[in-house]
Amino acid sequence: MPTRMPPSNRIIRDQRNFRVLLQAMSRPGRLFRLEALQPFGAHAAALAVAQCLLDHEVGFSTVGRESTESFAAAVAAATGARKAGLPEADFVFVAGPDGHGAAGAARRGSIDYPDAGATLVYSLDAQAARDPGHFRIRLSGPGIPEEDGIAPAMREIPAAELQALQTANADYPLGIDALFVRPNGELMALPRSTRIRLR
Amino acid sequence: MSTVVHPTPAPPADWRASCAPGHGRTSFAFLDEGAKREIRRRMLKAVAIPGCQVPFGSREMPIARGWGTGGLQLTLALIGPEDVLKVIDQGADDSVNAVSIRRFVTRVTGVRTTTDTPAATLIQTRHRVPEEPLRPHQILVFQVPIPEPLRLVEPSEVETRRMHAEADYSRMWLYLYEDIVTYGEITIGARYPVLVNRRHLMDPSPIPRWDVARLNRNPALMLFCAGREKRIYALPPHTLVEPLEFEDFGFRTESFAGRRCMHCGSTQSFLDEIIAEAAGRRRYACSDSAFCQKTRKAGGGLTHRPADGGRTP
Amino acid sequence: MTSTASSKNTPEPPFDAAALNRLLIEVLPAFERDRLAPVLDDLWACGEFTISRAPLPGLLMCPVRDPFGTEFFLGEVLATTAAVGCAGRTGHGAIIGEEPEKALLLAAVDAALAAGRSDLLKNLVRTASAWSREACERKALAAKLAAATRVEFESMKKERVDFGSLG
Amino acid sequence: MGYVAVRGGEQAIANAETLLLMERAGGASELLNPRQIREQLYLAVDRVMGEGSLYAPDLAALAFKQAAGDTFEAAFILRSYRTTLPRIGYAEPAATEQMRIVRRISAAFKEIPGGQILGPTADYTLRLLNFDLEQESAQGNARAIRQLHQAVADLEPLPESFPKVVETLRREGLLVARAAPADAAAPAFDITRQALSFPAPRSAQLQTLARGETGGLLALAYSNMRGYGSVHPVIGELRVGYLPLAMKHPVSGAPVRVGEIKVTEAEVIARLDLSDGEPRFTLGYGVCFGHNETKAIAMAVLDRAMGAAEPEAPSEDQEFVLTHVDGIESMGFCNHYKLPHYVTFQSDLDRLRHLRAASPPPGTAGGREPEKSTS
């Protein structure tokens with residue numbers, strides 16, 4: 001009969017981080033905190049997400065303004081996941097707040113299996129400026145109790161990127177699900193079920 | 001070749017120890033970590049598309065298919081050392097299947113368990129939603145025998161997939177309509193179909209109609225899993241969940257009018273019917289055993305919101 | 001062929017990595033676990049080996065090709081893998097079954113050959129040659145036993161079968 | 001009427017387990033050694049491995065002992081053990097041409113290259129109850145085996161491997177072609193990692209059948225052979241033997257042998273096909289762990305039956321076949337009805353009593369048009 005073995009640190013961290021991810025996905029637009037991966041670097045939180053969810057069964061892609069080679073190498077080393085083209089990737093890691101069209105190009109699932117849509121992980125920059133456009137943005141939908149919606153907790157995401165997500169998710173339940181992480185482990189999710197309105 | 005690497009090389013003098021049975025296996029919560037990752041990925045997708053059935057590579061568990069392997073896989077993929085677990089079957093913590101599942105999970109994780117609903121962080125359930133209200137930090141995991149609400153009207157998976165894709169639920173509506181025409185009543189007992197987020201028809205698992213209103217805009221996350229049918233689905237907190245009903249023919253819950261629990265005297269909980277002795281005299285007791293005990297301790301004074309939203313005729 | 005082994009230590013063939021591995025894979029399945037303990041003790045005695053990953057049982061998914069060329073998964077096979085270090089190189093061993101000792105042995109052979117230290121395998125190769133003869137005989141016998149059930153339907157016609165004797 | 005589960009079950013469960021132990025091992029006979037099971041009840045062990053989808057003879061024998069000979073239960077124990085183990089990798093695709101043959105027959109051709117090899121089979125042995133086995137003599141067995149060994153000493157051993165019988169047909173252009181290389185190169189679907197969806201790719205079909213329950217496969221295949229379907233199989237070749245397995249070396253990438261596994265393979269020739277203009281034979285394919293000919297043949301028949309363009313019988317309906325052949329799933333679901341269902345039953349009782357109390361004669365609800373709510 002199986003008995004209990006002392007769990008390793010990695011097992012415990014992945015479990016805790018998953019619960020944080022699950023809470024974040026269940027409560028779109030709100031701020032949560034992951035345990036980031038040491039040594040802390042620019043993408044420490046994104047790598048913690050990767051380690052929690054990715055392995056050799058999964059294909060991923062990286063996009064962003066800066067060179068994403070090292071980012072992709074770090075994800076592959078941390079997880080054993082294979083690199084895939086943007087339209088085939090299960091996970092798309094975005095370096096910085098600007099997706100450079102990733103939201104529009106990523107897989108959105110099929111009408112029979114909408115869950116085949118990709119997950120985008122935006123690894124935000126610690127120094128990014130807050131976008132004033134956020135005062136006009138309202139999120140509503142499952143996981144959000146307020147009838148009139150809430151403003152997203154992370155204000156450095158360009159309003160244009162949120163618009164791109166809203167466009168990608170216009171044919172709900174087809175769509176993509178987005179996670180935004182800061183280097184310190186802060187996390188916010190915007191699943192496709194969240195309506196993003198510009199007032 | 002392997003996913004587990006021992007960082008420090010062992011001197012071969014120890015080779016006998018390294019060949020001993022069970023050496024080097026680190027497993028927490030029974031499932032291997034690859035299985036957990038897959039289930040976790042699917043859970044996140046299920047939450048992102050409320051009420052949509054997400055396929056997953058269901059693993060074989062040491063309990064039989066149909067006995068809660070789906071719920072158990074979610075519990076094991078969710079659980080961590082800080083959790084406090086509650087397991088109920090038919091509302092009761094001491095029902096044989098609940099005992100068996102609780103025993104297994106504690107054996108492979110060592111987590112604390114409770115029967116007290118508010119004290120639990122993770123609740124695995126079969127056929128009931130606890131009577132006491134859930135809180136935002138709690139997760140309720142349902143064991144699901146048949147995840148497809150349309151199975152009642154269509155046996156083919158290909159066809160039901162299409163119906164969900166097109167949000168074409170006309171055959172379900174027709175079924176309810178014909179039921180009313182034939183019987184003057186909707187005859188569905190438990191497993192009453194609900195519409196989630198105004199988009200996906202969902203099987204709430206075989207909970208009584210009494211519990212259906214508790215799904216609507218509940219502050220806790222609810223996860224559903226059918227191990228045999230390999231489907232996960234979810235209700236994020238505060239999600240709109242509506243039972244199918246006609247404007248002039250509303251959804252109705254079970255009625256226990258004029259009856260009370262023989263132990264705690266509650267008139268506001270779902271009751272089990274018990275045949276006492278050979279005389280065949282009927283008596284009633286709370287299905288939620290933890291709620292019943294609490295009510296008794298409080299001298300019958302524990303009050304809470306009726307589950308039916310005042311719809312009982 | 002490993003070139004760094006000193007000529008005086010060159011053991012008998014077969015002696016490239018693939019050949020030695022193939023030989024061991026053929027003979028080891030028939031062995032009881034405890035038969036390998038003295039072999040491993042002897043191998044470790046030189047002090048050149050370290051266990052870099054202890055033997056671990058796991059599942060090997062087994063794909064098969066059907067007659068149309070479609071590849072599919074027949075099922076999983078219980079297997080054990082291990083890694084052994086030798087002179088800065090890592091050798092890998094894998095074998096069907098829960099067989100930690102055999103996986104270690106295979107890994108040690110792989111490590112020694114990868115490190116160009118075939119001299120460390122001298123005793124093993126001698127033992128393995130004896131095993132090899134044993135295995136060859138066993139295999140030949142199996143092939144002969146199967147051959148004994150070969151039928152030629154054309155010639156069967158000539159055989160007399162007394163159906164009356166079957167009652 | 002009411003149905004209430006046993007409560008306070010902790011002690012009852014423990015006692016039930018001990019009672020089970022007593023049933024299995026409380027008798028006066030000597031306790032079974034798993035090794036005896038592995039060697040002497042090898043067909044049961046093979047069946048457990050095939051349906052448990054895990055090739056591990058020692059563990060299968062142990063599971064068979066634990067399950068007191070219930071193959072469903074033993075396969076189930078093996079499957080759940082799988083769940084605790086990591087997948088260490090993938091073997092190189094095995095080519096069954098390489099199989100080391102212990103048995104190989106063809107019903108399609110009288111003479112096949114290499115000859116028909118009966119191997120260990122009971123096919124031509126009368127199924128008379130053998131009372132000699134009540135007092136089986138180890139010495140007597142050893143003598144018989146020794147005699148056979150002596151008798152074969154001068155025989156020409158079988159070659160290492162044999163060509164496939166159906167390849168002869170293919171060379172003549174009488175058999176449907178292999179899939180285009182592009183299709184063949186498609187990665188195999190893995191139903192243990194991805195949930196099956198329909199239409200299922202061929203790789204998923206074969207994997208589902210390969211781990212199917214022998215009786216379930218047989219029942220569906222038999223329905224087809226009998227007339228609820230139109231596959232009239234001719235066994236092109238049935239093989240039992242040992243399949244060599246290799247995996248990639250983690251450093252060099254070269255294939256390295258890791259051992260061999262016993263499998264049974266059936267290729268059945270069935271029905272004509274006109275899809276590329278020329279009439280040709282089609283083929284059904286079955287393969288499974290261990291020695292289990294019934295399963296391999298039934299699998300091959302179902303494989304072919306599911307190739308029907310328009311399903312007309314249950315065995316030709318891919319979804320029907322693939323969702324009902326898994327022994328662990330069907331047995332689990334069948335038995336789950338033993339679990340308490342008193343909440344759902346209470347809910348049904350409520351409906352019935354409500355109907356009877358109101359008791360409207362059928363049809364009187366007509367004239368009232370229920371409308372969809374605006375929700």
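This is a predicted model: local features need pLDDT of at least 70, side-chain atom pairs count only at pLDDT 80 or more; totals for chains, interfaces and linings use all residues.
Me: What should I know about numbering and thresholds?
Reply: Residues are numbered from 1 along each chain as its sequence is written, while chains are lettered from A and ligands numbered from 1 in the order in which they are written. Local features need pLDDT of at least 70, side-chain atom pairs count only at pLDDT 80 or more, and totals for chains, interfaces and linings use all residues; side-chain values use heavy atoms, leaving out hydrogens and water.

Me: How much area do chain C and chain D bury between them?
Reply: Interface size is often given as the accessible area lost when the parts come together. Buried area is that loss (1.4 Å probe), summed over both parts. Chain C and chain D bury about 5,700 Å², with 66% of it on carbon and sulfur atoms. The contact (heavy atoms within 4.5 Å) takes 53 residues from chain C and 74 residues from chain D.

Me: How many salt bridges cross the interface of chain C and chain D?
Reply: A salt bridge places a side-chain nitrogen of Lys or Arg within 4 Å of a carboxyl oxygen of Asp or Glu. The rule finds 5 across this interface. C:Glu76 forms a salt bridge with D:Arg87, where the closest N and O atoms are 2.8 Å apart.

Me: Is B:Glu273 buried or exposed?
Reply: Buried means under 20% relative accessible area, exposed over 50%, and partly exposed in between (1.4 Å probe, protein chains only). B:Glu273 is buried, because its relative accessible area is 1%.

Key:
Buried area is the accessible area (1.4 Å probe) that two parts lose on being put together, summed over both.
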